[in-house]
Every structure is written in C-alpha cells, then in structure tokens.
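This report describes the fold of one protein chain, from overall dimensions to individual residues. The sequence and coordinates are shown below.

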Amino acid sequence: MAAGDLPEFVVLADEVASALRRGDPVVALESAVVSHGLPPPTGLETAGMLEAEVRKAGVVPATVAVVDGRVVVGATAGELRRLADPSAWKIAERDLAVAVAAGACGGTTVSATVAVAEAAGIAVMSTGGIGGVHLGAEQTWDVSADLPALARHSAIVVCAGAKAICDTARTLEYLETAGVTAVAYGTDRFPNFYLPDGGYPAPRRIDRPAEAAAILRNKRRLRQPGAVLVANPIPTGEALTPDEVAQAVSEARARVGALRGGEVTPALLDALGRITGGRTLRANLALLRANAVLAAAIACEAAQESLQR
C-alpha cells in the first residue's frame with residue numbers, strides 16, 4: 001500500500017512523509033514501551049531517548065501510536081505523553097480497527113507497529129523484544145500475536161530475541177513453521193532478551209547491516225511475505241546470567257499468578273524489575289538503545305536498496 005493510499009485515519013507526520021517521498025531512511029518505533037512496557041516516567045523518557053539515538057544516525061524516527069482514533073506514524077512528544085495515562089490501551093494488530101472506531105488512545109505492540117510500518121512503506125522497525133510462545137503454553141495456549149504478524153508483514157524487525165518470559169525453543173520452532181526469516185546479529189547463538197545466548201543456535205547469522213537489507217530485498221523479489229527478524233544480543237555489560245533470569249522469571253510467574261492475555265507481559269516485566277532490584281529495567285533500557293542504533297544503521301542500507309515504498 002503506497003502512503004497516498006492509506007486510509008484517512010492513518011496520519012504520517014510531515015517529517016516522516018517527506019523522508020519517505022525522498023527515499024531517506026526511516027525507523028518505525030513501537031509505543032507500547034510508553035503505555036505498558038516501562039514504568040512512568042521511564043517509558044516516556046525512553047521513547048525520547050530512542051528517537052534521539054535514531055536521529056544521531058541521520059535517520060527519521062517514526063513512533064507509531066493511536067491517538068484519539070488516529071493511527072499516528074511519527075507521534076509528537078505531546079501525543080506520546082497521552083500514552084502514559086493509565087487509560088491508554090495496549091494495541092495489538094487486531095485492536096487497531098477497534099481503537100480507531102472507539103476514538104481511543106494507546107501504545108502499539110510489535111504486531112501493530114509492524115503492520116502499520118508496512119502499510120506506510122517503512123522498511124525497518126525497532127523494539128526491545130518480540131512476544132513469543134510463553135512458558136507453560138502447553139497449558140495456556142498463550143502465544144503472542146507478534147509471531148503471526150511477523151509472518152504476514154514485510155519489514156526488518158530488530159529486537160533482542162523474544163522476551164525472557166517466553167520459551168526460546170518453542171518460539172524458534174514457531175518462527176520456522178511460520179516462515180519468518182530469523183537471523184542473529186554478530187553471533188551464532190540466538191539471544192534471549194536479558195541473555196546474549198538464549199541456549200540455542202541462531203537459524204542464520206549476519207555481521208553487517210547491509211546483509212539485513214539484502215535479505216529483505218531478496219525475500220521481496222521472491223514474493224515471500226513476512227519479516228526479517230534481526231536478533232541483536234544485549235550489550236554484554238548489561239546482561240544477566242542464565243541462573244539470575246531463570247530464578248527471577250520463576251518468582252515473577254508465581255507472583256503474577258493466573259493473569260491471561262495482554263495483561264500478562266506488562267505484569268511479569270514489572271515483577272521482574274521489583275525482584276531484581278531494577279537490574280532487568282536497566283538491561284531493558286540498554287537493549288532498547290542498542291536495537292535502535294542497529295535499526296538506524298540497517299535503515300540507511302534499506303534506503304540505499306530502495307526498500308521503502
């Protein structure tokens with residue numbers, strides 16, 4: 001869908017629209033980090049930090065959000081402040097049409113952000129971690145909507161693997177079955193959010209931003225749908241140990257109890273922060289920053305490949 005064909009309720013910021021017309025690099029950023037992913041005011045401060053990191057590379061940031069029933073691509077600081085209100089929705093892809101009809105405000109998850117990015121013609125998005133197959137999914141059937149969205153929407157998605165509350169092995173199996181191209185950046189091991197090595201080999205490895213752009217180019221030329229998932233390991237100095245993560249996740253799951261659906265992830269991340277004395281929060285900020293930096297470098301290569309539409 002070309003930007004000119006977007007429905008009237010999808011609004012591109014002037015800066016984003018101009019960059020796309022010129023073929024300049026753009027990175028889409030999710031906004032659930034403000035509404036649900038991080039505690040206030042850290043979420044709002046982090047959104048600004050991520051946009052600043054993208055701009056340092058000469059790339060235009062496009063934070064996606066829903067504001068008063070408009071899907072905004074390139075939210076302003078004032079619009080992002082509204083997402084910090086407790087009434088803000090957590091908006092996955094299936095919720096976009098509902099949020100528009102209801103005139104709602106909310107932060108977009110990975111599934112919603114990649115869907116909007118593709119519709120707007122943005123080739124690269126950045127997030128902290130994708131949702132995956134949750135621990136205990138054999139009992140709960142809790143599988144993130146991010147995974148099927150990655151199989152449908154064409155973009156490069158930079159993350160630090162699936163969130164630590166997910167089952168890495170089962171998430172990798174799902175990605176394979178769904179045909180999502182997954183690579184690890186600079187490592188042969190697939191990262192797991194707080195861990196640079198999630199315990200399993202990466203499906204493939206790349207070492208340069210240009211490789212990610214080339215993979216998306218080739219995927220499109222083969223008329224293959226879906227994303228190129230680039231798993232970027234957390235910076236070593238901010239990583240936790242496997243034992244620390246396992247113990248904290250186990251305790252967090254016990255504290256959260258029987259929550260279901262979209263409430264699970266925010267509650268678990270909050271519990272992890274409390275259990276670890278803020279270490280997981282600091283790690284989360286470090287990986288978000290690193291992913292934004294890598295996404296900006298990839299966006300420059302994607303622009304050279306004319307992958308934005």
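This is a predicted model: local features need pLDDT of at least 70, side-chain atom pairs count only at pLDDT 80 or more; totals for chains, interfaces and linings use all residues.

Taken along the principal axes, the box filled by the C-alpha atoms is roughly 50 × 40 × 35 Å.

## Secondary structure, burial and surface

The protein contains 13 helices and 13 strands. Of its 309 residues, 57% count as buried.

Among contacts in the protein with a separation of 6 or more, 73% are accounted for by residues 24 or more positions apart.

## Pairing of strands β1, β3 and β4

Strand β4 (residues 70–73) pairs with strand β1 (residues 10–12) and with strand β3 (residues 60–67), in two senses. With β1, the arrangement is parallel and three bridges are formed. With β3, the pairing is antiparallel and extends over four bridges.

Val 73 in β4 takes part in both pairings: Val 73 is the bridge partner of Leu 12, and Val 64 also stands opposite Val 73. Strands β3 and β4 form a hairpin with two residues between them. In the turn of this hairpin, Asp 68 has a positive phi of about 50°.

## Pairing around strand β9

Strand β9 spans residues 181–185 and is mostly covered, with four of its five residues buried. Parallel pairing connects β9 to strand β13 (residues 228–231) over four bridges. A parallel pairing over two bridges also connects β9 to strand β12 (residues 205–206).

Individual partners can be named for each of these pairings. Ala 184 stands opposite Ala 231 in β13, while Tyr 185 has Ile 206 in β12 as its bridge partner. In a regular strand, side chains alternate between the two faces of the sheet.

## Backbone features in loops

A cis peptide bond, with omega of about 0°, joins Pro 40 and Pro 41. Pro 41 is placed in the loop between α2 (32–37) and α3 (42–56).

For Trp 141, phi is near 60°; the residue is found in the loop between α7 (137–140) and α8 (146–152). Because its relative accessible area is 74%, Trp 141 is classed as exposed. For Arg 223, phi is about 60°, and the residue lies in the loop between α10 (209–221) and β13. Arg 223 has a relative accessible area of 77% and is therefore exposed.

## Residues within helices

Is Thr 113 buried or exposed? Thr 113, found in helix α6 (residues 110–120), has a relative accessible area of 0% and is therefore buried. Leaving aside neighbours within four places in sequence, Thr 113 is in contact with Ala 28, Leu 29, Glu 30, Val 64, Thr 108 and Met 125. One of these contacts, Val 64, stands opposite Val 73 in β4.

Pro 148 is found in helix α8 and is partly exposed, with a relative accessible area of 24%. Pro 148 and Val 180 are 32 residues apart in sequence, and their C-alpha atoms are 8.9 Å apart in space. Ala 214 lies in helix α10. Its relative accessibility is 19%, so Ala 214 counts as buried, the cut-off being under 20%. The C-alpha atoms of Ala 214 and Ala 302 are separated by 8.0 Å, although these residues are 88 residues apart along the chain.

Technical notes. Residues are numbered from 1 along each chain as its sequence is written. Side-chain values use heavy atoms; hydrogens and water are left out. Buried means under 20% relative accessible area, exposed over 50%, partly exposed in between (1.4 Å probe, protein chains only). Contact means heavy atoms within 4.5 Å. Two strands pair if DSSP finds at least two bridges between them.
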